[in-house]
Amino acid sequence: MTTYRDPAASVDARVRDLLARMTLREKVGQLNQRMYGWDAYRRTSDGAFELTDALRAETERFGGLGALYGLLRADAWSGVDHTTGAGAADSAELADLVQCHVLQASRLRIPALFVEEVPHGHMALDGTVFPVNLAVGATWDPGLYERAAAHAAAELRARGGHVALVSALDIARDPRWGRTEECYGEDPYLAARLTEALVRGMQGQGELFAADKAPVVLKHFAGQGATVGGRNSAESELGPRELHEIHLPAARAGVRAGAAAVMAAYNEVDGLPCAGNRALLQELLRERWGFEGLVMADGLAVDRLARITGDKVSAGALALNAGVDLSLWDEGFTHLEQAVERGLVTVAALDAAVARVLRLKFRLGLFEQPYGSSQLEPPDGRELSTALARSAVTLLHNDAGVLPIRPTVSRIAVLGPHAATNAHQLGDYTAPQRPGTGTSVLDGLRRLARPGVDLRHARGCALTGDDLSGIPEAVAAAAASDLAVLVLGGSSARTPDTEFAANGAAVTAVSEMTCGEGADLAGLRLGAAQHALLDAVVATGTPTVVVLIQGRPHAVPEAGHAAALLTAWYPGPWGGDAIAEVLLGLAEPSGRLPVSVPRSATQLPVYYNHKDTEYGGYVDESAEPLYSFGHGLSYTTFEYGAPRLSGRTVEVDVTNTGDRYGRTVVQVYLRRLITSVWPRTLELCAFEGAGLAPGERRTVTLDLGADLTGVVEIRVAESSRAALKAVPLQLHCP
């Protein structure tokens, strides 16, 4: 038995042996991920799968296949739906068919990596859809997210996929950006803790991946959440300090947790695009951080470097020498043989990249078990998805305790463009759902409200546009009711008539799409008709509860005139149940804001952890956010005792002083007093959720970490705004 075929040999020994047997053409093939996976197959008239000439040509070109992106992807861009694609019942069969062909085409029988999008669940037919990352950030619950990530990995592997692409590293600094929904929030510490949970849940422990675990590609590295003007793929004007303090901690945490791979972002940092940035990918990531995993380019990012180098051959060489190991749809990496012949790339540099790709394949056990059909399908993920959605619901204000809905309320008007549909609850990067999947807010209230409650529904208006013709019906329903539940927001739902760029971003957002990749906004207002509907319903005098379903924090200061305001972000298919549970008091509102909510786009930026300046407000508007980072109300009340410091640990006694169970999130902020550079006003450095019964008191202990230096103040509070008023404790760190 050759060494690379021997499962008893070490991974490093197997990689060295296989690499020594490969031709230059075979090596280059391992670094290419040129095809769209949905072009590799088609369904025949009898429902079977057959491979395409395009796949045969690709495997013939390089004597095999390094990786295949999106074999199981289904959405409006790929054109794959339930009539043409593979679902839970037959996706592993399709993956096995493709893998069998790849092995036959490879002289050394090297299997392919099947790389799939798993942004909030596996983006495939019948994959469990979880709430988007911004909703995950609102849970402030890494443990719950770790369980959801583990479920997503198990689904991916059971259906024949291997590698999960997951947004985790982007920090939401400008909510006009359409991909804000893919961020955990505006804070690097919160994002770091959730990135760790993601890696632990998906990958598990140890060098080799279990059959239900998947290597994670963390995207995007780095600084993409700070593009100028909130515009997709624009430049990021970041100095080294901002980059390291805000945009790199989540990546650093992911690397420390053992992430198998990262994806280089589209944006440039200090004039050089990330895919060609050796200082970022090689000097920082590999040499300073000790990262030994794989670096993948974002879609077509390598070819974009030709704008700098002059042609795609040299563009591929620049990316490889900068630290990229695996391309995505690019032409540049297909010419790496030519780059070697021209002296643009050394064989040693090429071999290092190939070794990292092969190492991942050995860690997955693909040489011993290249097929996925033997994996067991995990249990249905609905309960986990609903639990995440429930934990993300955030109560922003609740005048006179109108929530939870009182038993005396017998007539409820359920209004608004989001009230009776769940199509817009799902977020971007979501596969088509089978009919009957999911629940709207109206569905949830009909199922869970006590018998005898009269529920009336009127849509009122669309998410976009200024058609006011449906508002009178909604106003009449509200006026005849004891309570109005008005469900407003945005949508990332793509339709087949959306115009797509070559990398899948929306070029022309059609229908009601106002968020998602390529759907950036200049302002943060809802559609004009939604604001008119809000004003008209509130004007009836009927107590009104506004629920926002959104992928970014929209500026809706008028909602302050309503009796209560909730945000649920994009809560996933079963978000309607989660929202109804909170409205009815069957569940507590336990979410906390992962981003600051602006009053308008004109006051941006409004993130809490800005530099500690003495600037005042505007003449025409407050400079403060409408709702601060970390804010969230409960149906009960909590009392925090005086915090106590012991070394780098802080303790605080928390008491539920109300008459209901509730969950608070104890947040610890630091304020640097003596530093070598100008400090930020506040920085989150620890948090812990605590669920308490009425009257229960608990001591919550939080570790401040070992990275603190200098003289700092420690402030414990329930939000960043409250922390500014909290009594500080001073800590001297060597």
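Which residues of H16 are buried? The buried residues of H16 are Ser385, Thr386, Ala387, Leu388, Ala389, Ser391 and Ala392, where buried means under 20% relative accessible area, exposed over 50% and partly exposed in between (1.4 Å probe, protein chains only). This is a predicted model, in which local features need pLDDT of at least 70 and side-chain atom pairs count only at pLDDT 80 or more, while totals for chains, interfaces and linings use all residues. Residues are numbered from 1 along each chain as its sequence is written, and side-chain values use heavy atoms, with hydrogens and water left out. Helices (H or I, at least four residues) and strands (E, at least two) are DSSP runs, numbered from the N terminus.

- The buried set of H20 comprises Gly575, Gly576, Asp577, Ala578, Ile579, Ala580, Glu581, Val582, Leu583 and Leu584.
- The cover over these residues includes helix H16 (382–392), H17, strand E14 (483–489), strand E17 (544–549) and strand E18 (564–567).
- Gly585 follows H20 and has a positive phi, near 85 degrees.
- For H16, the cover over the buried residues includes helix H5 (133–139), helix H6 (142–158), strand E11 (394–398), E18 and H20.

**Helix packing**

- Two packed helices are described by the angle between their axes and the distance between the axes. Axes are lines fitted to C-alpha atoms, for helices over the stretch in contact, and angles run from 0 to 180 degrees between N-to-C directions.
- H16 and H20 pack with their axes 8 Å apart, at an angle of about 45 degrees. The two helices are therefore oblique to each other; angles under 35 degrees count as roughly parallel, over 145 as roughly antiparallel, 65 to 115 as roughly perpendicular and the rest as oblique.
- The crossing of H16 and H20 is right-handed, a term for a near helix turned clockwise from the far one by less than a right angle, with anticlockwise giving left-handed.
- In this pair, Arg382, Thr386, Ala389 and Arg390 of H16 meet Gly575, Asp577, Ala578 and Glu581 of H20, contact being defined as heavy atoms within 4.5 Å.
- Helix H17 (residues 441–448) and H20 have axes that come within 7 Å and cross at roughly 55 degrees. H17 and H20 are therefore oblique to each other, and their crossing is right-handed.
- Val441, Gly444, Leu445, Arg447 and Leu448 in H17 meet residues of H20 that include Gly576, Asp577, Ile579 and Ala580.
- Helix H18 (residues 471–479) and helix H19 (residues 528–539) have axes that come within 9 Å and cross at roughly 30 degrees. H18 and H19 are therefore roughly parallel to each other, and this crossing is also right-handed.
- Ile471, Ala474, Val475 and Ala478 in H18 meet Ala529, Ala532, Leu533, Ala536 and Val537 in H19.

**Nonpolar cores**

- The largest nonpolar core has 142 residues, and those with the most contacts inside it are Leu71, Leu198, Met202 and Phe221. Such a core is a set of buried Ala, Val, Leu, Ile, Met, Phe, Trp, Tyr and Cys residues joined through side-chain atoms within 4.5 Å.
- Helix H15 (residues 347–363) supplies the largest share of this core, eight residues.
- A second, separate core of 71 residues includes Ala172, Ala484, Leu565 and Ala568.

**Backbone features**

- Most residues other than glycine have a negative phi, and most peptide bonds are trans.
- Lys219 and His220 are joined by a cis peptide bond, with omega about 10 degrees; His220 is placed in strand E6 (residues 216–221).
- A cis bond also runs from Phe221 to Ala222, with omega near 10 degrees, and Ala222 lies in the loop between E6 and helix H8 (240–247).
- Trp329, not a glycine, has a positive phi of about 70 degrees, and its relative accessible area of 5% makes it buried.
- Ala400 has a positive phi near 55 degrees, and at 71% relative accessibility Ala400 counts as exposed.

**Loop residue Ser634**

- Ser634 lies in the loop between helix H20 (575–584) and strand E19 (638–640), and counts as buried at 17% relative accessibility.
- The side chains of Ser634 and Arg592 are joined by a polar contact of 3.4 Å. A polar contact is a pair of N or O atoms within 3.5 Å; within protein, one must be able to donate a hydrogen and the other to accept it, and residues adjacent in sequence count only if both atoms are side-chain atoms.
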